[in-house]
Amino acid sequence: MASVERSIDWFRDAGRPHRDDRALLASVLEGLRQHPKRISPVWFYDERGSCLFDEICELPEYYVTRTELAILQRHLPEMAARIRSHACVIEPGSGTGLKTKLLLEALDRPSAYVPVDVACEHLEAAAARLRSEHPHICVHPVCADFTMPFEVPDTERFARRAIFFPGSTIGNFDRHEAVRLLARLRHLAPGGGMLIGFDMVKPAGVLVPAYDDAAGVTAAFNLNALEHLNRRLGTDFDPAGFRHRAVWNPIASRVEMHLVSRHRQLVRVGDDFVRFATDEPLVSEYSHKYSLESFALVAGAAGWRAQQTWTDRRGWFSVQWLMPTVEPVTSASDPRTLRSPTSGPPGTA
Ligand code: AVI
């Protein structure tokens, strides 16, 4: 449980510019003292990292974005029928990109759109754009960390709510975090549903290149986290002293992104030093892949049940319309029911 608390803290801390830097440093240092060493994937997303992520979404090897988009384009009328008319759409992580635009256009007279994101300026700018494109929809951006409790504007108190959570963002949380997050979102939409996209298990020969592309964009994205840390917290990581690695961990059912130390080195983190051995990995991201059954367990533990499932022909990605169950099917804190190893693969733990 402690590791769950810690890693949700990571998401929260790194996104908050007003957090005092010492607390942020302490949180980074805590991750660097784990075995294996870890940093939060939030460190990917500075200005450059966000551009690199956009590039990743266009890569031939990164099937995730285009597969989900194709499912949405094919089945949007059915999805819109599930969401029904006059809905208030809440989007954690506020992708104000193509998927959001397509969904809002497919819906019958949506009453409001509530994007939720910690990047406040970016959020306001995107909201202004959306308002001018869709003057009939009330856009209420909420500047908040969606992994923490947040309020939907009071004006939307009585609207039927639908959560839109695409992109397999849920895969970047371990199973216990995912249950906690989905349970929190369930309370946000009492009686409403959630349209969620998640990536599915597939051969390692497809998964690994998706996270280790030939053009080296994902490698640059991964290494950029170190530049971001240096700039934001004054650490002295030498990005040239690390190499990118993506591995498929079949036991935990996830792709892991590592930054592997090329040689023995010491890195200054605040007033402390962190020692890296040659070939020692620093884990920068987990991207969990689900089967329909394993996702049903996670969703069920959070009090959701799939009412409709859409997948592509290869079964690589799934979009589901979830509705709340009366009671969560399992206890979120019971590791036996979830069967979710959270430690690294043999050799890295
Ligand atoms: C944002 N998230 C769903 C991406 C993923 O596939 O886990 C992040 C990413 N990491 C490397 N490539 C893409």
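Phe164 counts as buried, with a relative accessibility of 2%; here buried means under 20% relative accessible area, exposed over 50% and partly exposed in between (1.4 Å probe, protein chains only). Phe164 is placed in strand β6. Helices (H or I, at least four residues) and strands (E, at least two) are DSSP runs, numbered from the N terminus. The C-alpha atom of Phe164 is separated by 9.8 Å from that of Lys99, 65 residues apart along the chain.

The model is predicted, so local features need pLDDT of at least 70 and side-chain atom pairs count only at pLDDT 80 or more, while totals for chains, interfaces and linings use all residues. Residues are numbered from 1 along each chain as its sequence is written, and side-chain values use heavy atoms, with hydrogens and water left out.

**The open sheet**

An open sheet is formed by four strands in the order β1-β12-β9-β8, with mixed pairing. Two strands are taken to pair if DSSP finds at least two bridges between them. At the edges stand β1 (37-38) and β8 (242-249), each of which pairs on one side only. Strands of a sheet pair through backbone hydrogen bonds, either parallel or antiparallel.

Strands β8 and β9 run antiparallel and are joined by eight bridges. Within this pairing, Asn249 has Arg254 of β9 as its bridge partner. Four residues lie between the strands in the hairpin of β8 and β9, where Ser253 takes a positive phi near 55°. Strand β9 (residues 254-261) is also antiparallel to strand β12 (residues 281-288), to which seven bridges join it. Val255 has Ser287 of β12 as its bridge partner.

**The ligand site**

The shell around the ligand consists of Tyr45, Phe53, Ile56, Tyr62, Gly167, Ser168, Asn172, Tyr211, Phe221, Met257, Glu285 and Ser287; a residue is near a molecule if one of its heavy atoms lies within 4 Å of it. Seven of the shell residues are nonpolar, four are polar and one is charged. In this division, Ala, Val, Leu, Ile, Met, Phe, Trp, Tyr, Cys and Pro count as nonpolar, Asp, Glu, Lys and Arg as charged, and the others, Gly among them, as polar. Helix α3 (47-58) and strand β12 each supply at least two residues of the shell.

**Salt bridges**

A salt bridge is a side-chain nitrogen of Lys or Arg within 4 Å of a carboxyl oxygen of Asp or Glu, and the count by this rule comes to eleven. One of them joins Lys202 to Asp199, with the closest N and O atoms 2.9 Å apart. Lys202 is buried at a relative accessible area of 6%, and Asp199 is buried at 0% relative accessibility.

Asp199 also forms a salt bridge with Lys289 (2.7 Å, N to O). Because Lys289 lies in the loop between β12 and α10 (292-301) and Asp199 in strand β7 (residues 193-199), this pair ties together parts that are 90 residues apart in sequence. Lys289 is buried as well, with a relative accessible area of 1%. Through shared partners, salt bridges join Asp199, Lys202 and Lys289 into one network.

In another salt bridge, the side chains of Arg254 and Glu256 meet at 2.9 Å, N to O. Both Arg254 and Glu256 are buried.

**Two loop residues**

Thr147 is placed in the loop between β5 (142-143) and β6 (161-165). Thr147 is buried, at 2% relative accessibility, and its side chain is joined to that of Asp145 by a polar contact of 2.8 Å.

Ala214 lies in the loop between α8 (204-210) and α9 (217-233). Ala214 counts as exposed, at 77% relative accessibility. The C-alpha atoms of Ala214 and Leu59 are separated by 9.4 Å, although the two residues are 155 residues apart along the chain.

Conventions
Polar contact = N/O pair within 3.5 Å; in protein donor to acceptor, adjacent residues only side chain to side chain.
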